[in-house]
Amino acid sequence: MDLVNMQEEINSLKTLIMNDTPSAYCIHCFAYQLQLTLVVVAKKYYEAEQFFDILTNVLNIIEGSFKRSEMLRDDQAEKLEELLVLDEVHTGSVLALTYDLNMALQKKDQDIVSAIKLVGFAERQLQDTRDSRWNSLIEDVSLFCVKHGIVISERDMNYVRGKSKLNTDLLLSMASLSPDNPFANYDKYKIMKLSAHYPNEFTDSMLEDLSFELDIYIDYMREADNEFSNLKKLGDLSEILVKINLHMTWRLAYLLVKLSLILHVATVMVERAFSSMKYVKNDLRSRFGDEFFNDCLVCYIEDEVFESVPNDAVIDRFQNMTSRRVQL
């Protein structure tokens with residue numbers, strides 16, 4: 001998604017949401033945070049910036065034609081087969097350790113709690129690789145770089161951490177409210193830290209009340225064979241609390257659940273929708289009405305669903321909408 005769509009001061013998605021709900025935080029999904037990190041790093045090194053500029057142009061050209069995409073895939077498969085025969089590449093890689101995490105981050109309906117678990121799992125796997133197989137990996141990478149004339153960066157350079165950890169704190173604290181297994185991720189300290197990010201909602205006296213309420217709340221929630229024992233997501237927890245009229249009993253805890261549910265200001269689905277706009281509404285279609293534009297976006301974004309619909313069904317539906325001079 002274009003960064004301007006989320007960060008511009010006027011008429012942006014973030015501005016509209018903040019005007020409607022001041023307590024809402026703008027948290028980009030992990031995939032988008034990675035993209036922003038790559039952009040910042042690339043701008044500091046001309047070669048990296050030039051590489052991504054070229055890569056963007058290549059992708060635009062390739063994605064604009066199914067024929068070119070197919071030709072590229074066939075060419076890549078042929079070259080990979082040649083390299084495997086020459087024993088210059090291996091079928092496994094470090095990136096394979098993050099495959100499950102990558103797939104989870106690409107989901108349209110992203111489960112933040114599950115994603116955080118996968119982040120921790122991937123982190124442990126990568127740390128294990130660093131502890132036990134790091135030297136052999138660096139040796140393979142160095143040989144590849146030397147063979148292809150690639151400059152090897154200094155690995156001993158200082159790395160400066162970012163100043164803000166708000167995004168991570170909010171997501172980890174939100175995971176502590178999850179009812180999954182049952183409430184295994186519960187952490188009172190993180191939940192209290194989450195409430196401190198909402199000074200407009202929680203006064204000092206309310207924070208004291210919340211601390212006492214959480215102790216009773218978690219004991220009740222973990223009681224065997226109750227309505228909360230098989231819940232998985234925060235949305236399910238919110239529904240049950242309202243259904244059995246406990247949202248007033250655990251008023252402050254329920255408020256935190258609601259605030260967590262509106263935390264997903266920028267999920268993958270939202271970002272893909274903005275990215276799709278530049279393809280659907282271009283210079284040739286600049287006069288689209290909102291309703292027709294929305295219909296086109298649905299077809300573009302939910303392409304996996306529409307691929308399962310046979311062409312004959314679409315033709316019959318279109319033909320039966322009104323009488324036509326020509327039979328399709």
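Which exposed residues does the face of H13 turned away from its buried side carry? They are Glu239 and Lys243.

This report describes a predicted model, in which local features need pLDDT of at least 70, side-chain atom pairs count only at pLDDT 80 or more, and totals for chains, interfaces and linings use all residues. Residues are numbered from 1 along each chain as its sequence is written, and side-chain values use heavy atoms, with hydrogens and water left out.

## Overall make-up

The protein has 18 helices and zero strands. Helices (H or I, at least four residues) and strands (E, at least two) are DSSP runs, numbered from the N terminus. Of the 328 residues, 27% count as buried. Buried means under 20% relative accessible area, exposed means over 50%, and partly exposed lies in between, with a 1.4 Å probe and protein chains only. Among the contacts with a separation of 6 or more, 60% are between residues 24 or more positions apart; a contact means heavy atoms within 4.5 Å.

Helix H13 covers residues 234–243, and its buried residues are Leu234, Leu237, Ser238, Ile240 and Leu241. They span an arc of only 165° around the axis, which puts them on the same side of H13. The arc is that of the directions from the helix axis to the C-beta atoms. Glu239 and Lys243 are exposed on the face turned away from that buried side.

Asn245 has a relative accessible area of 48%, so it is partly exposed. Asn181, in helix H10, also is not a glycine and has a positive phi of about 70°. With a relative accessible area of 55%, Asn181 is exposed.

## Aromatic pairs

Rings of Phe, Tyr and Trp (its six-membered ring) pair if their centres lie within 6.5 Å; planes under 30 degrees apart count as stacked, over 60 as edge-to-face and the rest as tilted. By this rule there are four aromatic pairs. Two of them are given here.

| Pair | Centre to centre | Angle between planes | Type |
|---|---|---|---|
| Phe183 and Tyr217 | 6.3 Å | 85° | edge-to-face |
| Tyr220 and Phe228 | 6.3 Å | 70° | edge-to-face |

Phe183 lies in helix H10 (residues 180–183) and Tyr217 in helix H12 (residues 204–221), so their pair ties together parts that are 34 residues apart in sequence. Both Phe183 and Tyr217 are buried. In the other pair of the table, Tyr220 counts as partly exposed at 31% relative accessibility, whereas Phe228 counts as buried at 0%. Phe183, Tyr217, Tyr220, Phe228 and Trp250 form one aromatic cluster.

## Helix packing

In the packing described here, axes are lines fitted to C-alpha atoms, for helices over the stretch in contact, and angles run from 0 to 180 degrees between N-to-C directions.

H12 packs against helix H14 (residues 251–261) at an angle of about 95°, with the axes 8 Å apart. That makes H12 roughly perpendicular to H14; angles under 35 degrees count as roughly parallel, over 145 as roughly antiparallel, 65 to 115 as roughly perpendicular and the rest as oblique. On the H12 side the contact involves Met206, Asp209, Leu210, Glu213, Leu214 and Tyr217, which meet Arg251, Leu252, Ala253 and Leu256 in H14. By class, seven residues of this contact are nonpolar, none is polar and three are charged. Ala, Val, Leu, Ile, Met, Phe, Trp, Tyr, Cys and Pro count as nonpolar, Asp, Glu, Lys and Arg as charged, and the others, Gly among them, as polar.

Helix H4 (residues 46–63) and helix H5 (residues 66–85) pack at an angle of about 115°, with their axes 6 Å apart. Ile61, Ile62 and Glu63 of H4 make the contact with Arg68, Ser69 and Leu72 of H5. The classes are three nonpolar, one polar and two charged residues.

## Two single residues

Ser173 is in helix H9 (residues 166–175) and counts as buried at 2% relative accessibility. Leaving aside residues up to four places away in sequence, Ser173 touches Lys190, Ile191 and Leu194.

Gln125 is in helix H7 (residues 112–132) and counts as partly exposed at 24% relative accessibility. Its C-alpha atom is separated by 8.6 Å from that of Thr98, 27 residues apart along the chain.
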